[in-house]
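Hi,

Here is the model I said I would pass on.

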Amino acid sequence: MLRALAVDVGRRARRGLAGVGRFSRFVGGTARAAANPARLNPRVLGKVLLNQVRFSGLHAAPLTAGAATMIGAVAIIQSFTFLTGLADDYIGSLLVSVIIRELGPLVTAIILIGRSGTAMATETGSMRLNGEIEALEAYRIDPAAFIVLPRLVGAVLAMLALIVVFDALGIFGGFLVALTRMDLSLALLLGRVLEALTPRDVLLSALKAVGFGSAIALLSCSFGLDVEPSPTELPKAVTKAVVASLASVLVIDGVIAFAFYL
Amino acid sequence: MTAIEFRRVSYHAAGRVELRGVDFSASPGDCIVVFGRSGSGKRALVKLVSGALRPTEGAVASGPGPLPAGYVASDGGLLSNLSLLENVVLPVVYHRRLARPAALTAARALLEELGVADQADNLPARSGVGARRLAQVARAMLAEPAAYVFDEPLDELDAAAARKMREVLRGLKDGRRAAVFISTGRLKAFLDWGERFFLLSEGGLTVFETRAALLESADPEVRLFLD
């Protein structure tokens, strides 16, 4: 029984390490493609990138805006429950800490995983199963350059834009709730938020956008392109991509919080 | 000039040896029929020729230019989110062999010649299997490669598309500007086409340099396909 358990753990560890090795090679291949601009065709890749930004950014904006307004409102409602005397002096700091530093990047990343990460893993997995990747390779079109790179850049740009949307609407949602308890104008609230906001907050938000967007795009494309040659493997690859993306986002978020805010 | 050369090429996939120590070379004008049972390794061989796969051991050397082989898969092989026309121009535009307007004009002319111009703007999923395969042929022809690789070229085609495909193969063979590889599990259908014949059996390659040598062979594996 104990031996079987040890064998199972060993097998899983070996598989996990092999996966890490495969992913490292995948990231290396993408980095090599990015570092060789002479072999990239900006006109062809620009179209793929534009589609990616449109799908991951523009089409996700309404969902992000709705989620941000609700979360901003709920954050302030919950604050009222334990900070009975919440003054307008503190509301700015509260919104910066909760929305801009943490929830903005994190919830946006979860939306990106749910909408775009799953789409990337499914699309790239289907391309592998349908022989589309082999056709690209046969014509010397590097999938790292043609498939992965535009999705990576698109996911990062979409993350940056969606975080701005989330932060703005999150503050607005908080403002709407605060109006019920305080004599507050939007200009005053924005003033308080800007007072509490430091350049470091903006920089770290951007850093999270780059880290989260890159991790989601790379993991989703990697699991999709590595799918085993059977249609029943595609849903498994998508599930693995989602789990790995969520885990990596939480790890990156934790590392940044420990490194810069502790 | 050599269009393609295999030097001690082996290919392993999922712990299975699909090709073992394969050596051969092909010149422009060669028409090679690759045959063997299912799972014999012929698909791995044509994918290695096309560049869609890389050898596990050994080396594959191909002719000059960025697009040494034009690959026509039996199914799939076209990007599903691009129209047939966009698929045809993608390699030459991506590698800057042709400017996009010139490539589109040339691609439309090729699709017209192949009889599928009316489906040029359709996505692959909205086109028939014949149109999809002929679009792959147009893509390969536009790239002007040193070798053409056809995987089961006549499978699932209707009579009109099959006739067009035979015309294409005849034209490429007679043109003698590139090597032509035809992979098939039905040797008799391509007996008159081939000048050299490659038998794949359990990953090993046997080369018959002439049709006469193939027809005279007593190899039971060959007889299985001929008798």
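Predicted model: local features only at pLDDT ≥ 70, side-chain atom pairs only at ≥ 80, totals over all residues.

Across the interface of chain B and chain A, the rule finds one salt bridge (a side-chain nitrogen of Lys or Arg within 4 Å of a carboxyl oxygen of Asp or Glu). The side chains involved are those of Glu134(A) and Lys47(B), at 2.7 Å from N to O.

Residues are numbered from 1 along each chain as its sequence is written, chains are lettered from A and ligands numbered from 1 in the order in which they are written, and side-chain values use heavy atoms, with hydrogens and water left out.

Back to the interface. Chain B puts 31 residues into the contact and chain A puts in 24 (contact means heavy atoms within 4.5 Å). Between them the two chains bury about 2000 Å², with 54% of it on carbon and sulfur atoms; buried area is the accessible area (1.4 Å probe) that two parts lose on being put together, summed over both. On the chain B side, Leu79(B), Tyr94(B) and Arg96(B) lose the most area to chain A, together 32% of what that side buries.

Now chain A by itself. Nine helices and zero strands turn up there, going by DSSP runs numbered from the N terminus (helices H or I, at least four residues; strands E, at least two). Its C-alpha atoms fill a box of roughly 65 × 60 × 30 Å along the principal axes. Of the 262 residues in chain A, 44% are buried (under 20% relative accessible area, 1.4 Å probe, protein chains only; exposed is over 50%, partly exposed in between).

One residue in chain B to click on is Glu221(B), which sits in helix α7 (residues 220–226). Why does Glu221(B) count as buried? Because its relative accessibility is 14%. The Glu221(B) side chain makes a polar contact with that of Arg37(B) at 2.7 Å. Leaving aside neighbours within four places in sequence, Glu221(B) is in contact with Arg37(B), Leu199(B) and Ser201(B).

Cheers

Conventions: Polar contact = N/O pair within 3.5 Å; in protein donor to acceptor, adjacent residues only side chain to side chain.
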